[in-house]
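Thank you for making time for this.

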Amino acid sequence: MPRGTLEVLLVNAKGLEDTDFLNNMDPYVILSCRSQEQKSSVASGKGSNPEWNESFVFTISDTVTDIRLKIMDSDVGTADDFVGEAIIPLEPLFMEGSLPTTSYNVVKDQEYKGEIRLGLNFIPQERTNRGFQAEEENWGGYKQSSISY
């Protein structure tokens, strides 16, 4: 698997199941990529069609296969409610380099609970020969041959 930087543009969600009965829910997203976790802002009072337009950056190592988005409803005084999640495989991104803004299904207990839209970009890390490349370039050769005749 490739190494590099994963850029995630969290755009919005549509048709989320509203977990609040009296008020509009206040959704936010927890983005997880292996041990890395980041949290979006809370879309206060946005209900089941929130917008974020926020960017997140993750470092990708050899064993990362997907990114998980867990949608939560922020509640005051009680535990936040789990709305649903989307698991996005990264293999297509590694092959293409970037994926345009796309909708992914949000599921909870294997049931459809709405959609979340995001764009993905992958910037591969340049592979070096375990640090030897810089040393090799300093050992003369054509790069240091600047004699003109």
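Predicted model: local features only at pLDDT ≥ 70, side-chain atom pairs only at ≥ 80, totals over all residues.

**A salt bridge and its surroundings**

Let me start with Lys 113 and Glu 17, whose side chains meet in a salt bridge with a nitrogen-to-oxygen distance of 3.3 Å, a salt bridge being a side-chain nitrogen of Lys or Arg within 4 Å of a carboxyl oxygen of Asp or Glu. This pair links distant parts of the chain, since Lys 113 belongs to strand S8 and Glu 17 to the loop between S1 and S2, 96 residues apart. Helices (H or I, at least four residues) and strands (E, at least two) are DSSP runs, numbered from the N terminus.

Residues are numbered from 1 along each chain as its sequence is written, and side-chain values use heavy atoms, with hydrogens and water left out.

Are the two partners buried or exposed? Lys 113 has a relative accessible area of 12% and is therefore buried, whereas Glu 17, at 38%, counts as partly exposed; here buried means under 20% relative accessible area, exposed over 50%, and partly exposed in between, with a 1.4 Å probe and protein chains only. If we leave out residues up to four places away in sequence, Lys 113 touches Gly 15, Leu 16, Glu 17, Val 83, Val 106, Val 107 and Lys 108, where contact means heavy atoms within 4.5 Å.

Lys 113 also forms a salt bridge with Glu 111, the closest N and O atoms being 3.5 Å apart, and Glu 111 is partly exposed at 46% relative accessibility. The structure holds three salt bridges, and one of them joins Arg 68 to Asp 66, with the closest N and O atoms 3.9 Å apart. In that pair Arg 68 is partly exposed with a relative accessible area of 37%, and Asp 66 is likewise partly exposed at 21%.

**The overall arrangement**

Stepping back, the protein has two helices and eight strands, and along the sequence they follow the pattern β-β-β-β-β-β-α-β-β-α. Of its 149 residues, 34% count as buried. Among contacts between residues at least 6 apart in sequence, 59% join residues at least 24 apart. The protein exposes about 9,500 Å², of which carbon and sulfur atoms supply 48%, the areas coming from the Shrake-Rupley method with a 1.4 Å probe.

**The nonpolar core**

In soluble globular proteins, nonpolar side chains tend to be buried together. A nonpolar core, as used here, is a set of buried Ala, Val, Leu, Ile, Met, Phe, Trp, Tyr and Cys residues joined through side-chain atoms within 4.5 Å. Which residues of the largest one touch the most other members? Of its 30 residues, these are Leu 6, Val 8, Leu 69, Leu 90, Ile 116 and Leu 120. The elements that give two or more residues to this core include strand S1 (4–14), strand S5 (66–73), helix H1 (91–96) and strand S8 (111–124). Leaving aside neighbours within four places in sequence, Leu 120 is in contact with Leu 6, Glu 7, Val 8, Ile 88, Leu 90, Leu 93, Ser 98, Leu 99 and Tyr 104.

**Rings and loops**

Rings of Phe, Tyr and Trp (its six-membered ring) pair if their centres lie within 6.5 Å, with planes under 30 degrees apart counted as stacked, over 60 as edge-to-face and the rest as tilted. By this rule there is one aromatic pair. The rings of Phe 94 and Phe 122 have centres 4.9 Å apart and planes at 65°, so the pair is edge-to-face. Because Phe 94 lies in helix H1 and Phe 122 in strand S8, the pair ties together parts that are 28 residues apart in sequence. Both Phe 94 and Phe 122 are buried.

Finally, two backbone details. Arg 34, in the loop between S2 and strand S3 (36–39), has phi near 55°, a positive value in a residue other than glycine, and is exposed at 59% relative accessibility. Gln 110, in the loop between S7 and S8, has a positive phi near 65° and is exposed, with a relative accessible area of 81%.
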